[in-house]
Amino acid sequence: MSKELADGVGVARAGHFETVAQQRAAATLGIWAWLITELLLFSALFLVALIVRIQHPEATVAAAKHLKFWIGATNTVVLICSSLTMSMAIEFSRIGWQRAMVRAMLATAALGGLFLVLKGYEYYADWDEHMMPFLGSRPFALAETPPARLFVNLYYVATILHAVHLFTGIALLLGMTWMAAKAGFLSRHQNWIEVYGLYWHFIDLVWILAFPILYVVNR
Amino acid sequence: MSASGSVGGTARREPHAPEATLGRKADYLHADSTLRSWFLTTDHKRIAILYLASITGFFVIGAVAAGVVRLALIVPNGAIMTNDTYNKAFTIHGVVMVWFFLIPSIPATFGNFLIPLMIGAKDLAFPKLNLTSWYVFMAGAFFTLVSLVLGGVDTGWTFYAPLSTAFSNTWVLPALIGVTIVGFSSILTGLNFVVTIHTMRAPGMTWFKLPIFVWAHYATSLIFLLATPVITTALILLIMERGFHIGVFDPAYGGDPVLFQHLFWFYSHPAVYIMVLPGMGVISEIVPAFAQKKLFGYRFVAYASIGLASVTFFVWGHHMFVNGQSDLASLVFSALSFAVAVPSAVKVYNWTATIHKGSLRLDTPMLYAMGYIGLFVLGGLTGLYLATLAINQHIHATYFVVAHFHYIMVGGTVLAFLGGLHFWWPKFTGRMYSEPWGRVSAMLIFIGFNVTFFPQFILGYLGMPRRYATYPVEFQLLNVLSSAGATILAAGYIFPMLYLVYSLWFGRKAPANPWNAKGLEWETGSPPPKHNFLSPPAVPRIPYDYPIQAQEAQDQHG
Amino acid sequence: MTPNHAALELWPAAVSGTATETDLLILAFTVLTLLLTVPVFVAITYFALRYREGSEADRSPSGIRSNLIEISWMLIPFLLTLIFFVWGARVFIASKNAPPDAMVIEAIGRQWMWKFQHPTGQAEINDLHVPIGQPIRLRIISQDVIHALYLPALRLQVAALPDRYTDLWFKADKIGTYHLYCSEYCGTDHSVMGGEISFMNPGDYQDWLTHSGAQQGKVAAGRTLYEAYGCAGCHDPGSSVKAPSLAGLYGSPVKLADGRTVTADDAWLREKILNPNGDRLAEGYKQVMPSFAGRIPEGELGTIIDFLKSYTAPASGKAAQATP
Amino acid sequence: MRNPLAALSADDRALLRRRLRTPVLTFLELLALLAVNVTLGATLPFAQVWIVELLVVAVMVALILLVSMEVIHEPPLIRLFSGIGFFWVAIMFGMTLTDYLAR
């Protein structure tokens, strides 16, 4: 029901497809196949986090207590907001409200940027508290419990990998916004917005998983 | 993200000649001949040729490294080269053969070329992504070659921590980065195949009319999607471990090196089926064509592909029985490993039943296919030896394992690759290869392979560990025999490279269907036109609609 | 290399009940393998000849019900092989659970040597002597990368992990000397990380422990360490580095670069190895020797010094090595 | 700045309300669930609280997949693809834990 398109909104068929429906189905299936790989990529890290937790419960709890819980929580709120604006952009694209859609996309990119800024501040606070054990030059605050280093470093690998995805996402989104602001975009490439929206929601979903796994359950 | 890039982008395709005027110039090879038209092509057939050329190069590198290994082992005392040189040679052999030849071998070349033809499509669903995957592959190859040129790696292709992270003084990082990047090319290829097979089939081409080759590639692609990301994570952690000492695999900080092995084999055991399944697909095309008989038990063979692709995710721990995993895990992984026998047996018995009462021509592709069946059976059953816990305690990490997986990888995948290459060579190039030379080479490879690798089963059971630069003198006789076999095998590899290249210019022109084979790829020209079919192909009533059909055909397909 | 191995053998010697049973298991499995494969090979060959294109052969549909035959060739081989899962698992579990009265020998793997410590305190490098007729448990650990201790004559191997102990137990019933290997690839000299395992009568084992094993074994062990840590590469006569010869050094006075003279006793040698330069430099030599602090465990330091004690004259350098 | 909503006709406002109802409701539900988890994480009311936290996360993930990513409106194939990854994650975790929980 919610996926009905307004008049003048649609997809231009590429030469190697027989129908537009086939082209749309391929794009949707393609992004889902990609998202499966993203899920497994991050899940392997979560598995390592679980093993570290099983093998070194005390050190992991000590390390997790040093994470910036409230910044993480705030960032989760920021990403949930960006999911809302992305959903709005998709709905606007379906009813053909191009300007509203462009604004919603810009808002999404801005919220993504805010996430990265907060994340950067969090890293700075971590650095300040000597919570960067991978830096050889800077002593680690929890040096007396070596396994704490495992969890903290894993936190960096996971969050940096997520941030890289978010950064790539913002760059793609801004590029797409620039194209989407032009006349006729929605009649040719409406499904780009849908496909991109799935990616954005999924990066949000990964954070929804990462926040409790890293920050919450180990407290 | 990646999907969106290519969906709309192909809206404006470059103009091409109207189909009515299709002549000599319009087939995909001759439509355009500039370098640019090759390196920026989005035609799946040309990308397949790009892949074919690249992996042939890697095969040569890997084969030379194998030759160095066999040369070193002629003498037991390591007099020919230093231990370091030997270790680097077998590492290069493993890394290059596994990641740069075997994994892309059949999918990225034959799969790329044939899947759209077999399902009656104009191209893969995402042509630009397909080209991207080749560039990603070459980027990964670049890093690995850099590590090779700078001095090589000595960790073995398995990169076990902490040897690879803290102890090896060789160029591990560029090799790891290269292998990580190549994983993305696998993912993109697999994604493209999955989407193509789901959405691009010609009208009337239902799932149970698809050739087994397509089924096998569908199963392979699922493994690409579900397994490759995990090795990416494992390698990222390994790179971080080596670069920044993050500690997760480092016992000095309480990390667990066995955890790397779990992540590694979660991918690398299914990767065996990335190498094996497409080969099974090739054999399932060749055997019916040269028996002129419908494939026996089509549905069972199709389901067996999916079955293998699923079961393979439950058995990785059989690589780790003696590596310190819990006894419970060993028991569970061992029991589940025996389940692999079921779908494998289905394939082998059905191929044999297909030959029964057929009308057989023993041309080169069929010789390879028959060799494949025999060697795959031996490789598969010796795999069950290794899955048996008590036997594994003795032959794990010995030459028995080396022999076993070479029976699967060379006896299986490489023979299927060569069989498929001869089978579809007329389709790829429009030329016939030399049949007598083809048969001679096939026999040489079969004999050379067995002389090389059968003695290694015995060496392994006698207790010769693998990856040994020097060895006790009583193993010398069998090692010399193995090295002698390797020279025969090498000759068998060199001949096809010569006569196939020769045929490109001097071979007889190939008709559209030289083998009288069934399948949509034979319904179009050799080589096919740029957009595959001049008119939409008619999907046959049943798959493998050959003149001879066993009773079961009527039972299962109406 | 080893007297107990013929130039070409086709079956390895088995010295324990587990080894014999493993052999039986693999032979039985091979019989099953042949039962499952020979018909396929024969059939393929026969069909290839019988049904050649143009041959006169009956090609009418055979009317075999395919589902039944499919299910049977799926399940029968699977169930037959499952027998071997159960059998293999039983042998495996038995070989994992050592009897409580087993004699415990510590095994330590390191790039690229094995060290074995007997319960009575004697240690040996690369080679292992064990008595037959009694259960022996090896507690195995590694000091650096992952190794694996592989004893083909017993059909057993297990990884030596850097972070925790692994176990392997056996009860040998035949005397003899066989190979002992590292079977997990561990870097440059992986293939020379091994030696011989000697299965001895209990009386001979006791004899070995008290006489040849303990005393001279320690000197030989020290010599091995002396070579393994690279001491010999610089200090042996004829080396290009021209470091002072250590033969006869023990107990003699040494003139230092700062003019003092010290006696080369246990304590001074230990300090000198751990921190060789600075005020410990010998007169007339340059500061080239690396510090071994943290690189040589305490026990081995003692063994090396034991070797240096016995390393009395230049000519006896070889003698120390050659003592049985 | 002019309120952009003021320029809309009544029909457009109705359309907007109909279209944005689900995203906004999902947004509010996600925030509420997050609030539960943050509260539990900050106060740690009992030892086994992580079970509750993970259940809440499971609900949030399901909400994003089914509603935000519209899986409930998709054909069976997409539903299968959206779930198969999680199934494979379960294989990976389950089989690995047969080692770690039995050591």
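Two residues are taken to be in contact if their C-beta atoms, placed from the backbone, lie within 7 Å. The model discussed here is predicted. Under that criterion A:F151 touches A:V52, A:A59, A:T60, A:A63 and A:A64, with residues up to four places away in sequence left out of the count. A:F151 also belongs to the largest nonpolar core, which has 377 residues. Together with A:A33, A:V48, A:L154, B:V230, B:A234 and C:L149, A:F151 is among the residues that touch the most other members of this core. The element with the largest share of the core is α9(B), which supplies 23 residues. As a general background, nonpolar side chains tend to be buried together in soluble globular proteins.

The contacts between chains come next. Four pairs of chains touch, and the pair formed by chains B and C has the most contacts. Chains A and C are not joined by any contact, and their closest C-alpha atoms lie 12 Å apart. Chains C and D do not touch either, with their nearest C-alpha atoms 11 Å apart.

In the pair of chains B and C, 74 residues of chain C are in contact with 73 residues of chain B. On the side of chain C, two or more residues come from each of α1 (17-50), α2 (66-96), β6 (147-151), β7 (156-160) and β9 (176-182). The greatest contribution is that of α2(C), with 17 residues. Divided by class, this side of chain C holds 44 nonpolar, 19 polar and eleven charged residues.

One helix pair shows how chains B and C meet. Two packed helices are described by the angle between their axes and the distance between the axes. Helix α13 of chain B, residues 364-387, and α1(C) have axes that come within 11 Å and cross at roughly 170°. Angles over 145 degrees count as roughly antiparallel, and α13(B) is therefore roughly antiparallel to α1(C). From α13(B), the residues B:M370, B:I373, B:G374, B:V377, B:L381 and B:Y385 take part, and they meet residues of α1(C) that include C:I26, C:F29, C:T33, C:L36 and C:A48. This helix contact comprises twelve nonpolar, three polar and no charged residues.

Chain B also touches chain D: 13 residues of chain B are in contact with ten residues of chain D. On the side of chain B, the elements that give two or more residues are α8 (212-244), α9 (257-291) and α11 (327-338). The largest share, three residues, is that of α11(B). The residues on this side of chain B are eight nonpolar, five polar and no charged.

Within chain B, a helix pair can be described in the same terms. The axes of α3 (residues 44-72) and α4 (residues 83-119) of chain B come within 7 Å and cross at roughly 155°. These two helices, α3(B) and α4(B), are therefore roughly antiparallel to each other, and their crossing is left-handed. The contact between α3(B) and α4(B) has 25 nonpolar, six polar and one charged residues.

Chain C has seven helices and twelve strands. Of its 324 residues, 34% are buried. Among contacts in chain C with a separation of 6 or more, 66% join residues 24 or more positions apart. Beyond residues up to four places away in sequence, C:W268 touches C:V262 and C:T263.

Some details of the backbone remain. Most residues other than glycine have a negative phi, and most peptide bonds are trans. A cis peptide bond, with omega about -5°, joins B:A161 and B:P162; B:P162 lies in the loop between α5 (127-150) and α6 (163-167) of chain B. Another cis peptide bond joins C:Q111 and C:W112, with omega about -5°, and C:W112 is found in the loop between β1 (103-110) and β2 (113-117) of chain C. Positive phi values occur at B:Q292, near 50°, and at D:E70, near 60°. B:Q292 is in the loop between α9 and α10 (298-311) of chain B, and with 20 C-beta neighbours inside 10 Å B:Q292 counts as buried. D:E70 is in the loop between α2 (49-68) and α3 (76-100) of chain D, and D:E70 is buried, with 21 other C-beta atoms within 10 Å.

Methods. Residues numbered from 1 in each chain as written. Chains lettered and ligands numbered in written order. Predicted model: local features only at pLDDT ≥ 70, side-chain atom pairs only at ≥ 80, totals over all residues. Helix = DSSP H or I, 4+ residues; strand = E, 2+ residues; numbered from the N terminus. Nonpolar A, V, L, I, M, F, W, Y, C, P; charged D, E, K, R; others polar. Axes fitted to C-alpha atoms, helices over the stretch in contact; angles between N-to-C directions. Parallel < 35°, antiparallel > 145°, perpendicular 65-115°, else oblique. Left-handed = near helix turned anticlockwise from the far one by under 90°. Core = buried A, V, L, I, M, F, W, Y, C linked by C-beta atoms within 7 Å. Buried ≥ 20, exposed ≤ 12 C-beta atoms within 10 Å, placed from the backbone.
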